[in-house]
Protein chains: 2
Amino acid sequence: MSEEPNTNYQKVTDRIVEELQAIVGERYVIYGDADALEAYSHDETGGKQWAHPPEVAVRPETTEQIAAIMKLANRERIPVTPRGAGSGLSGGAVPIYGGIVLLSDRMNRILEIDTDNLMITVEPAVITSEINEQVEPLRLFYAGYPMSMETCSIGGNVAENAGGGKAIKYGVTSRYVLGLEVVTPTGDIVQLGGKLIKDVTGYNLVQLMVGSEGTLGIFTKITLKLLPLPQAQVDLLCLFSSPEQAIGAVTTIITACGIIPTAVEFIDRQSFEASCKYLNETLPYQDAGAMLLITLDGHSPDQVQNDYEAVGEKCMELGATEVYVADNPTTSERIWRIRRNIPEAYNLITQRQSGEDIVVPPASIPQLVAKIRRLAEKYDVLIPTYGHAGDGNLHSRLVSKPEWSDEYWNELLPRLQTELYQLTAQLGGRISGEHGIGHKRKKYLAHVVSQEYITMLRAIKRALDPNNILNPGKIFDMEPSSTESIT
Amino acid sequence: MSEEPNTNYQKVTDRIVEELQAIVGERYVIYGDADALEAYSHDETGGKQWAHPPEVAVRPETTEQIAAIMKLANRERIPVTPRGAGSGLSGGAVPIYGGIVLLSDRMNRILEIDTDNLMITVEPAVITSEINEQVEPLRLFYAGYPMSMETCSIGGNVAENAGGGKAIKYGVTSRYVLGLEVVTPTGDIVQLGGKLIKDVTGYNLVQLMVGSEGTLGIFTKITLKLLPLPQAQVDLLCLFSSPEQAIGAVTTIITACGIIPTAVEFIDRQSFEASCKYLNETLPYQDAGAMLLITLDGHSPDQVQNDYEAVGEKCMELGATEVYVADNPTTSERIWRIRRNIPEAYNLITQRQSGEDIVVPPASIPQLVAKIRRLAEKYDVLIPTYGHAGDGNLHSRLVSKPEWSDEYWNELLPRLQTELYQLTAQLGGRISGEHGIGHKRKKYLAHVVSQEYITMLRAIKRALDPNNILNPGKIFDMEPSSTESIT
């Protein structure tokens with residue numbers, strides 16, 4: 001942690017632990033058990049350099065308990081890091097200054113399904129896919145679709161403004177968050193928004209909170225908008241002989257057909273093979289150079305059929321070698337499972353890698369892919385690439401060769417990241433589309449945004465968290481540190 | 001202005017005027033001409049009590065000129081009020097402390113239509129309907145649809161987070177704002193967001209700016225998302241014998257049909273008659289008690305036909321006496337023109353009225369209408385009501401009887417507003433869905449939000465505008481004033 005700026009946080013003492021026990025109950029405080037606390041020292045961000053254990057972990061059950069913890073933490077100057085399912089990919093839930101980790105796991109209830117208003121109110125630890133399991137029988141659905149939906153929690157989705165596969169048509173998490181109960185960094189409880197489709201009664205603090213990575217408030221109740229469940233869905237798996245051909249087709253499909261697909265995923269050959277191997281899956285398309293997974297949904301089966309025929313024909317015109325149609329849930333899930341498990345597959349292969357989350361204007365994706373290929377050639381490194389091509393968000397993975405030493409890789413990786421982020425910025429892009437800046441990308445923030453913008457971020461953080469208690473050291477440091485400049 | 005808190009603003013002197021002339025050019029500074037400045041003393045909010053002239057008005061042409069003006073204003077402690085088309089309905093563009101009015105009218109260019117990314121970049125003074133005129137030949141459309149679209153400007157739409165008729169399906173202005181060039185209250189120029197569908201690189205300051213009513217930044221370039229133009233649209237005019245029947249049908253139509261209409265407008269008999277009279281329109285449905293104007297659009301004519309038949313049948317089941325279908329642009333525009341001109345029609349009838357903008361959870365609209373009727377009976381006052389029933393946003397108008405004196409009305413109106421806002425809050429609602437708080441509703445803000453929330457608003461304002469220079473006295477006062485408590 002030597003690169004962190006100095007802080008004046010206090011240590012967690014036995015007295016503090018007793019106070020925490022008085023707030024949440026003795027059995028819900030984890031303290032003095034290094035093995036147990038180690039579980040909260042990391043998220044799913046690869047690389048041990050991001051890990052740091054908390055001094056104590058607490059498991060509150062109510063909003064009022066969280067408010068009491070925040071007041072205590074402010075009084076005693078102890079940092080507090082909120083943690084959801086721990087599935088984050090930027091180190092956002094890692095307590096890099098120690099202190100208190102606030103676990104949400106006991107707040108996992110679905111509080112209300114409001115079928116008249118088409119809304120659901122949940123606690124933060126509800127697993128994202130559970131929302132759809134609950135509302136599907138009511139012919140409703142929640143349109144957030146992060147790839148980790150079976151393990152991530154909705155509180156984390158809101159904190160990171162999770163994107164996922166359906167953002168091109170349905171937008172990201174933020175579009176569905178209508179109301180939040182929030183504990184502020186200083187321990188107040190505020191209601192933001194509500195069951196309202198429109199609301200301009202004051203600044204849009206709901207949307208300021210969404211994506212704030214746990215640095216501006218702790219969400220204790222979340223009201224989400226639901227939509228009528230589409231009555232039809234079809235997936236197309238379109239094979240192309242090269243990545244350039246596949247990616248080059250994306251914008252044309254949308255503009256020429258006048259159809260916004262539900263999802264347009266790009267998967268290069270390396271990524272597809274890695275995931276198939278991980279899953280023992282034997283789909284017969286491994287000889288393609290790259291593929292697009294295109295989903296179309298709608299209110300009527302006829303409409304969706306018209307749409308997929310138009311899109312499929314356009315893909316063939318644009319050089320696809322095959323277009324497979326998956327028009328039933330089993331086949332559809334089989335394909336999407338391969339897509340969703342690419343990160344897991346790579347995590348098993350090596351720890352010496354970095355999952356990236358760059359985003360550019362959608363029409364710049366072909367240029368981005370070409371630039372990434374040149375970067376890979378320059379450093380003789382593997383950069384398998386997949387992701388949400390339809391909305392300009394690609395997950396390139398920077399992967400070490402097996403024969404390289406840790407030392408060589410640890411020196412090379414920051415150079416690769418820097419160049420990747422710079423070429424992204426040159427295309428009008430940013431370094432994170434949906435995973436967040438967190439701890440992992442903090443030192444690169446200044447590559448793609450102006451100093452004036454960072455000054456605004458700091459001013460807002462200081463306004464709402466004057467003691468810098470809530471999840472400090474994420475996104476940006478409160479004072480410029482030496483690592484914030486371009487390396 | 002006696003109810004305003006004390007401020008320490010300086011007056012505009014000849015020296016300041018010379019500096020402003022040096023920045024924007026002599027001919028673009030309006031000073032010493034009371035008649036000319038009077039034009040900038042009000043917006044479309046009825047009631048002379050909201051009017052206040054600026055000391056000087058300036059017409060910058062570039063972002064850099066605006067930045068220079070803000071730096072000057074901070075140095076000299078002179079308030080600056082940005083003004084778009086002046087069509088606002090909450091006094092947001094009124095310079096209540098005098099000072100400088102910043103006119104956007106020279107910044108009215110469409111900078112780029114990006115058909116590959118489906119985005120458009122414009123300057124703030126572009127008239128909203130012009131965007132659609134420009135992109136429609138490209139089979140694209142901008143989904144923002146404020147009722148004043150033929151006169152309002154896009155900068156004002158962003159500042160107020162304009163809603164309008166199509167929010168139920170397409171969302172409000174905020175959903176389409178991807179990028180902003182902003183001059184901060186202290187005169188810095190920052191780029192927020194960009195041509196990006198996803199972006200979590202720092203807090204969502206784009207969405208903090210949208211709806212900030214000109215208090216957190218001045219927008220100089222706006223990048224908006226476009227959608228493929230729907231290939232089919234149909235309007236249904238559904239007549240009901242009573243307002244209760246009409247409004248009661250809204251939620252059922254959506255939940256039972258599983259269709260999100262493009263628009264669901266409620267118009268009571270008084271409002272419809274007033275607008276028809278104003279327009280010399282003679283549609284033959286004036287004997288209905290109330291009506292719903294339901295729009296459906298989509299990619300294929302067949303789909304839209306299926307949808308409108310399902311919705312029309314459901315309306316008849318729910319007690320509609322007639323359902324008229326407008327399936328061509330001429331008839332459609334004829335009906336929507338009546339809807340859009342209701343406010344203008346009332347403005348001609350009397351100045352003693354107040355257009356309201358309350359919003360509740362959509363399913364609570366029938367209760368809201370019943371409560372409004374009881375309020376009208378209690379005070380023997382007319383409260384014609386119309387608006388965006390599908391998204392819970394109603395425009396009740398509090399209208400004086402012709403025989404009442406100004407004194408009686410001026411005493412009654414705040415009581416009516418207070419009770420209207422309280423009954424809205426009891427239903428989980430807020431006092432503005434799309435018009436803004438501005439000056440007009442500021443003293444009522446504390447009726448519907450908590451003191452902790454107002455404290456957060458003040459903290460953010462102070463963080464970004466430490467001298468309280470940009471559009472001060474809107475939404476909230478920086479320090480509690482006596483009028484902020486419930487009257």
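Contact means heavy atoms within 4.5 Å. The legends below describe a predicted model, in which local features need pLDDT of at least 70, side-chain atom pairs count only at pLDDT 80 or more, and totals for chains, interfaces and linings use all residues. Residues are numbered from 1 along each chain as its sequence is written, chains are lettered from A in the order in which they are written, and side-chain values use heavy atoms, with hydrogens and water left out.

Figure 1. Neighbours within four places in sequence aside, B:V183 is in contact with B:T63, B:I66, B:A67, B:M70, B:D188, B:I189, B:G217, B:I218 and B:T220. B:A143 is 40 residues from B:V183 along the chain, and 26 Å separate their C-alpha atoms.

**Figure 2. Strand β18 of chain B and its two partners, β16(B) and β17(B).** All seven residues of β18(B), 393-399, are buried, so the strand is largely enclosed by the rest of the structure. In a regular strand the side chains alternate between the two faces of the sheet. Here B:N393, B:H395, B:R397 and B:V399 point one way, and B:L394, B:S396 and B:L398 point the other way. Strands pair if DSSP finds at least two bridges between them. β16(B), residues 353-355, pairs with β18(B) in the antiparallel sense over three bridges, with B:G355 opposite B:R397. β17(B), residues 385-388, also runs antiparallel to β18(B), joined by four bridges; B:H388 has B:N393 as its bridge partner. Four residues lie between β17(B) and β18(B) in a hairpin, and B:G392 in the turn has a positive phi of about 80°.

**Figure 3. Buried face of helix α12 in chain A.** In α12(A), residues 342-349, the buried residues are A:I342, A:A345 and A:Y346. Seen down the helix axis, they fall within an arc of 95°, so they line one face of the helix; the arc is that of the directions from the helix axis to the C-beta atoms. Among the elements of chain A that cover these residues are α9 (269-279), α11 (329-340) and β18 (393-399).

**Figure 4. Domain 1 against domain 2 in chain A.** Domain bounds come from an automatic or database domain assignment, which gives, among others, domain 1 (14-103) and domain 2 (110-228) of chain A. Their C-alpha centres lie 23 Å apart. In domain 1, 13 residues are in contact with 16 residues of domain 2. Between these domains about 1,100 Å² is buried, 61% of it from carbon and sulfur atoms; buried area is the accessible area (1.4 Å probe) that two parts lose on being put together, summed over both. A:T63, A:M70 and A:P82 supply 34% of the area that domain 1 buries against domain 2, more than any other three residues.

**Figure 5. Interface of chain A and chain B.** Contacts link 82 residues of chain A with 82 residues of chain B. The area buried between the chains is about 6,300 Å², and carbon and sulfur atoms give 66% of this area. On the chain A side, A:K198, A:V200 and A:Y203 lose the most area to chain B, together 16% of what that side buries. Of the interface residues of chain A, 100% are also interface residues in chain B, so the copies meet through the same surface.

Technical notes. Buried means under 20% relative accessible area, exposed over 50%, partly exposed in between (1.4 Å probe, protein chains only). Helices (H or I, at least four residues) and strands (E, at least two) are DSSP runs, numbered from the N terminus.
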